[in-house]
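Welcome to a short tour of a protein model.

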Amino acid sequence: MRQKAGLLAALALVAAPAAAQEPAQQGRIWKGTLGDAAITACFVDEAAFDGVYYLDTGLEPIRLAQLEGTDPPELAEMRGYDDASGATWTLRSTEDSIAGERTADAVVLPIRLTAVLVALPKYGSACETDAFLEPMLAGGTVTTKRESFEGNGYTALAYQGPKRAGIEDYAVSSFALDPVRPGDAAVNRALAKALPDGTAAHVMGQCVGLSLPGGIGGSMDEAWVPTMITARWLGIRRSGSDYCGGAHPNNSLTLVVYDRDSGAEVDPSTWFKPGALVFYDWESEVDPKPAKRPIAGLSQALAKALRAKWPARGDEDECGLPDELEGFGWDIGLTREGPVFVPQLPHVMFACTEEVAMPWKEARPFLSAEGRAVMASLR
């Protein structure tokens with residue numbers, strides 16, 4: 001059992017030394033060789049030796065799953081979650097190194113790994129670090145195409161993930177305005193951030209890092225498209241789906257508004273009088289100054305006015321705006337005709353999502369002075 005205990009110690013996370021260093025935890029990834037090939041490996045934690053490795057040349061992630069009841073520890077290579085390739089690793093360790101053998105089809109190759117200290121994400125493992133992920137994330141492509149919307153030219157941007165087995169299912173589209181207004185350059189910088197940039201900090205990198213130890217590479221299909229372009233305002237629909245592990249994919253449809261004079265994202269909640277919207281009690285604990293204040297619900301009067309605009313889908317359709325849908329959060333966007341509301345529904349109800357516009361005349365009783373100024377600017 002000493003060998004297993006030694007490996008456990010070698011894989012354990014190492015906290016930063018007291019008082020003197022940065023507060024972030026440190027962990028380890030492992031670099032070395034498999035036979036003559038350079039490899040990089042990570043392990044999720046010290047209690048279960050599930051992890052991931054890749055050849056530094058091919059960069060294709062391969063899952064490692066510990067087999068139960070083996071001493072010294074034995075790991076199986078997996079293609080996906082439960083498709084064993086037939087190759088196994090047997091490992092021994094010292095404090096900062098791991099040695100062992102990989103056996104596949106009666107061919108035995110030596111494994112030699114050395115620990116490399118890395119800064120851990122706040123709530124993540126070594127498999128989610130820059131040093132482990134970013135070599136695999138490199139290689140995506142961005143293509144451009146000229147488009148026009150409401151007589152305004154812009155450049156469509158389309159990202160496609162690297163053609164690498166395991167992480168090829170990432171596609172994100174955004175756009176860049178032709179810069180004619182004072183804030184357009186800032187708006188374009190914000191829109192460019194939607195595209196994966198090859199870093200572990202981007203949402204694509206986070207999804208890959210979460211997914212790989214579970215035997216998948218994750219996926220993302222997201223589009224940012226203009227819904228309104230005026231001299232002052234830019235309205236955007238952000239929609240798509242992603243899967244980073246768990247019981248089901250995540251679907252989303254949100255709305256974004258930018259001020260083309262300042263280049264800043266707009267908080268539509270400020271368009272409404274106090275009491276018209278309901279906010280989450282916990283929001284200040286998460287982010288005391290969010291760019292857009294999360295909306296938990298609508299006042300009874302506003303919900304009643306919006307319900308009258310909710311589209312009918314047919315007698316047998318179960319969608320609508322009953323009272324129980326009002327506690328799932330809301331997003332608000334902008335059209336020339338009036339503000340547009342989108343409920344943030346859970347996965348099982350996502351098919352009921354609607355974008356429902358309220359004409360300015362009917363929205364006016366609920367508007368703040370700022371909201372009335374936005375209304376006036378669109379006349």
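On a 1 Å grid over the protein atoms alone, a pocket is an open set of points with protein on both sides within 12 Å along at least five of seven lines, and its lining residues have an atom within 4 Å of a point. Please keep in mind that this is a predicted model.

Let us begin with the open spaces. Rolling a probe the size of a water molecule over the atoms shows where empty space is left. The largest pocket holds about 440 Å³ of space. It is lined by 26 residues, and W224, R238, T254, V256 and E265 are the closest to its centre. Two or more lining residues come from each of β12 (219-229), β14 (250-259) and β17. Strand β14 gives the largest share, with four residues.

The second largest pocket has about 210 Å³ of space. Its lining has 17 residues, and those nearest the centre are P61, G80, A165, G166 and G215. Here the elements that give two or more residues are β4 (62-66) and β5 (74-79).

The table sets out the make-up of each lining by residue class.

| Pocket | Nonpolar | Polar | Charged |
|---|---|---|---|
| Largest pocket | 14 nonpolar residues | four polar residues | eight charged residues |
| Second largest pocket | seven nonpolar residues | five polar residues | five charged residues |

## The whole protein

Now for the wider view. The protein has eight helices and 19 strands. Of its 379 residues, 42% are buried. The accessible surface comes to about 18900 Å², and carbon and sulfur atoms account for 53% of that area. Among contacts between residues at least 6 apart in sequence, 49% join residues at least 24 apart.

Which way do the residues of β17 point? W330, I332 and L334 point one way, while D331 and G333 point the other way, and all are buried.

The partner of β17 is strand β18 (residues 339-343), and the two pair in the antiparallel sense over five bridges. Within this pairing, G333 stands opposite V340. The two strands form a hairpin with four residues between them, and G338 in the turn has a positive phi of about 160°.

A second hairpin is made by β1 and β2, with two residues between them. Its turn includes G35, whose positive phi is about 65°. Strand β2 (residues 37-43) pairs with β1 in the antiparallel sense over five bridges, and K31 has T40 in β2 as its bridge partner. Strand β1 (residues 26-34) is also joined to strand β8 (residues 107-119) by nine bridges, again in an antiparallel arrangement. There, I29 stands opposite V116.

In helix α4 (residues 203-211), the buried residues are M204, G205, C207, V208, G209 and S211. What covers these buried residues of α4? The cover includes α2 (130-137), β10 (152-160), β11 (170-177), β12 and β13 (233-243).

Helix α3 (residues 184-192) contains N188. Is N188 buried or exposed? N188 counts as buried because its relative accessibility is 16%, and buried means under 20%. Leaving aside residues up to four places away in sequence, N188 touches A176 and L177.

With 1% relative accessibility, A303 counts as buried. Its C-alpha atom is 9.5 Å from that of L277, a residue 26 places away along the chain.

## Backbone details in the loops

Most residues other than glycine have a negative phi, and most peptide bonds are trans.

L59 is not a glycine, but its phi is positive at about 60°. L59 sits in the loop between β3 (51-55) and β4, and at 13% relative accessibility it counts as buried.

E150 also has a positive phi, near 55°. This residue lies in the loop between β9 (141-149) and β10. E150 counts as partly exposed, with 42% relative accessibility.

Finally, where is there a cis peptide bond? One joins D71 and P72, with omega at about 5°. P72 belongs to the loop between β4 and β5, and these two strands each give two or more residues to the lining of the second largest pocket.

Terms used. Residues are numbered from 1 along each chain as its sequence is written. This is a predicted model: local features need pLDDT of at least 70, side-chain atom pairs count only at pLDDT 80 or more; totals for chains, interfaces and linings use all residues. Side-chain values use heavy atoms; hydrogens and water are left out. Buried means under 20% relative accessible area, exposed over 50%, partly exposed in between (1.4 Å probe, protein chains only). Two strands pair if DSSP finds at least two bridges between them. Contact means heavy atoms within 4.5 Å. Accessible areas come from the Shrake-Rupley method with a 1.4 Å probe; for residues, only the protein chains shown count as cover. On a 1 Å grid over the protein atoms alone, a cavity is a set of points where a 1.4 Å probe fits but cannot get out, and a pocket is an open set with protein on both sides within 12 Å along at least five of seven lines; lining residues have an atom within 4 Å of a point. Grid points are joined across faces, edges and corners, and a volume is the space filled by probe spheres set on the points. Ala, Val, Leu, Ile, Met, Phe, Trp, Tyr, Cys and Pro count as nonpolar, Asp, Glu, Lys and Arg as charged, and the others, Gly among them, as polar.
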